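Let's take a walk through a protein model together. Keep the picture open beside you and follow along as we go.

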Amino acid sequence: MSTVHIPFLQTGTLAVGGRLLDDAERSVQSHADRPSSLTKGHRACQGCAEALAARWVMDTAVEATDGRLVVANATGCLEVFSTLYPESAWKPPWIHSLFANAAAVATGIASSLHAQGRDDVRVLAQGGDGGTVDIGLAAVSGMFERNDDVLYVCYDNQGYMNTGVQRSSATPASARTATTPAVGRHPGAPQGTGKSMVKIAMAHEIPYVASATVADLRDLEHKVRTAMAIRGARYLHVLVPCPLGWGSQSSESISLSRAAVQSGIFPVVEARAGELTDVQRIRERADVEEYLRPQARFAHLFKPGGEDGLQRWRALAEANIRHYDLLGGRP
Amino acid sequence: MREVLEGSQAVARTVARCRPGVVCAYPISPQTHIVEALSVMARTGELSACEYVNVESEFSAMSVSIGASAAGSRAYTATASQGLLYMAEAVYNAAGMGLPIVMTVANRAVGAPINIWNDHSDAMAMRDAGWLQLYAADNQEAADLHVIAFAAAEELGIPAMVCMDGFVLTHATDVLELATQEQIDAFLPPYSPAQALDIENPSTIGTMAGPESFTETKYLQHLRFLDAAGVIEAWSERFRKAFGREAGGLVARYDPDTLDRDGDAPPASAEDLAVVAMGSVVGTLQATLAPMRAEGLPVRLVGIGAYRPFPREALKAALGDSRHIVVVDRALELGAGGVLTGDVGRALAHTGSRIHSVVAGLGGRPILEASLRDAVRRALADELPALDFLDLKAGGVPEPPVGATEVAR
């Protein structure tokens, strides 16, 4: 009897859960008894990458700490869609105080636990880009500078999506938002690159800084696990496509994340004590158009007069590729 | 043991003996000596099992206190003036979440113009934040109030401000008797939060409340605030019994003749002019009014101990049949008059009382006995206007009609 060799292609890092891997190598999500820290019933939009990322981050952190995790959440989509009284979608002990203070609340929790002799209980703070790079930056910087034992996770959807898609300082150049409309001689957000919170975090020389996307959830999980094995201030920056704010299809959140990485627009890196220690190389180089074209917020780039804007995006990708050596010496 | 101590040192030591788990502050005059002293005690171990956290702003100081309190620690901070306003959002938030943080406010003016000296405009700006506000008349009371504040705040699940006049009290040295560690351990129950971030019993704290539940949430907060008066009174009474001295309470009464503090002093009578004040000016008023009483003038003194909740009933009881009131006010509601006067007026609505507002001591202007005596004499002679600015410099502003013309810069 002849046999047909069927290759198991779904064993790589991109296979969800990695169910075909050895048990020890499987993702947290592949197990039936996964924590489901952000559980069913929340009100996130279809295709919300923030909800997906938060679930992976939290479940990994819960597993890494054996359930000894406390969470401080900034105001924003993640808070609003998960905790409309009297319901809560969070299983771990979770607190929301204000928009700008998640990092400081987390410091307070960590200080309290330390004073109580409960250093076994770990603290995670999370917020969107507005609560992190804009209004909450002082508190985040303070937490970094003191090297408080907190993992801070920023889910970056590049704008104030919860309030109706206004520009934040993480909004990239030329993006259309409600406060940077795609009209006039310079449509969309003023030129710039968006504030690089990864570089800002690295400048604090904290023990661990990393970026990740929902296109590579195993990498995201690995980074959370790495972070939870370290004491002190840690920062994780996750790119989370927002179908509502970006004007993309709900089904495109993963592919857009992948295009952002493969085009060089969003470098996926790791750094320790201010030094870059790992860079995810571009696997199969994509043109920036692959990232930009599916997003209605960039539609004006593909109309007459949009070429300059497109060129600037290519220049940004090139600059990232050079700075982080994203092609690993390849041409 | 009686000792010579600066007010800030006395407060810091008393706070330390209340065994906070987390102390977090950002420096601002005139609060600095308090937090400096606590940071030293945290280093020397005098303040044990306590984290002292240096933060980058008052907003974070209150936010750290929120996190610490929610995680199950007795949390303390201190601030003043601009610092209190800079943390304003978090001040409201702590109250809304029912976290019994205790905060010393070293009362200081709010700019512009920037001014580091004492008045009450900082705490007054937070009068509706949902915190208890207890005012110290002197440094002994400032220290003692912190013990009562922790006890009352934690029983109620309401945060508490202990307000002490900046510089006038914080930087003044006095002979004091501090509550000892043993006394406070016996008096103050251990912190046992009603809700906490607990991995054994996970809860979600700080959810969003929509139109269908927000009113009820605020109503419950209101009911709890109504309980606060009784709880403050009960802890103050327990304190008096345990320590043998008066501190706190809702309203302070004073002996008609000696002007010494006396909880059993009779209420004012119909012929009395009653002077109402809070904070350190009460001491100046004691010194001012005692000789006037000796002259036979019908004047009485009533001190406000708790400004929030405002002690409407206790104030009315202390004022008795007096219908002629002078409120010495260290904060100005622009276009209206003294802030405390507004509260007194609301408490005395429909009593037919004549109430004068004497705005005094703004931005650290010394409140002189002579000036107070003059104001009281004018009130007795029916020559004091409804709103008077004590020691307003002649020539400093244009001649009347003030308000009709711009003050020259």
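The buried residues of helix 10 of chain B pack against strand 11 (273-277), strand 12 (299-304), strand 14 (324-329) and helix 13 (369-380) of chain B. (Helices, H or I with at least four residues, and strands, E with at least two, are DSSP runs numbered from the N terminus.) So which residues of helix 10 of chain B are buried? They are B:Val281, B:Val282, B:Thr284, B:Leu285, B:Thr288 and B:Leu289. A residue is called buried if 20 or more other C-beta atoms lie within 10 Å of its own, exposed if 12 or fewer, and partly exposed in between, with C-beta atoms placed from the backbone. An α-helix has 3.6 residues a turn, so residues three or four places apart point the same way.

Helix 10 of chain B covers residues 281-294, which is 14 residues. From first C-alpha to last it reaches 20 Å, close to the 20 Å expected at 1.5 Å a residue (the expected span is 1.5 Å times one less than the number of residues). Just after this helix, B:Gly296 takes a positive phi of about 95 degrees.

A quick word on what you're looking at: this is a predicted model, where local features need pLDDT of at least 70, side-chain atom pairs count only at pLDDT 80 or more, and totals for chains, interfaces and linings use all residues. Residues are numbered from 1 along each chain as its sequence is written, while chains are lettered from A and ligands numbered from 1 in the order in which they are written. The pLDDT is the predictor's confidence in each residue, from 0 to 100; chain B has a mean of 96, and 96% of its residues reach 70 or more. For the complex, the predictor gives an ipTM of 0.95 and a pTM of 0.95.

Now zoom out to chain B, which is divided into domain 1 (2-243) and domain 2 (251-389), with bounds from an automatic or database domain assignment. Their C-alpha centres lie 27 Å apart. The contact between them takes 26 residues from domain 1 of chain B and 21 residues from domain 2 of chain B; two residues are in contact if their C-beta atoms, placed from the backbone, lie within 7 Å.

Where does chain B meet chain A? Here, 38 residues of chain B are in contact with 37 residues of chain A. The largest share of chain B's side, 9 residues, comes from helix 3 of chain B. By class, that side of chain B has 19 nonpolar, 15 polar and 4 charged residues. (Ala, Val, Leu, Ile, Met, Phe, Trp, Tyr, Cys and Pro count as nonpolar, Asp, Glu, Lys and Arg as charged, and the others, Gly among them, as polar.)

Next, the inside. The largest nonpolar core has 238 residues, and B:Val162 is among those with the most contacts inside it. Such a core is a set of buried Ala, Val, Leu, Ile, Met, Phe, Trp, Tyr and Cys residues joined through C-beta atoms within 7 Å. Leaving aside neighbours within four places in sequence, B:Val162 is in contact with residues including B:Val102, B:Leu134 and B:His146.

Finally, hop over to chain A. A:Ala215 sits in the loop between strand 5 (208-213) and helix 7 (217-228) of chain A. Why does A:Ala215 count as buried? Because 23 other C-beta atoms lie within 10 Å. A:Ala215 and A:Ile254 are 39 residues apart in sequence, yet 4.9 Å apart in space, C-alpha to C-alpha.
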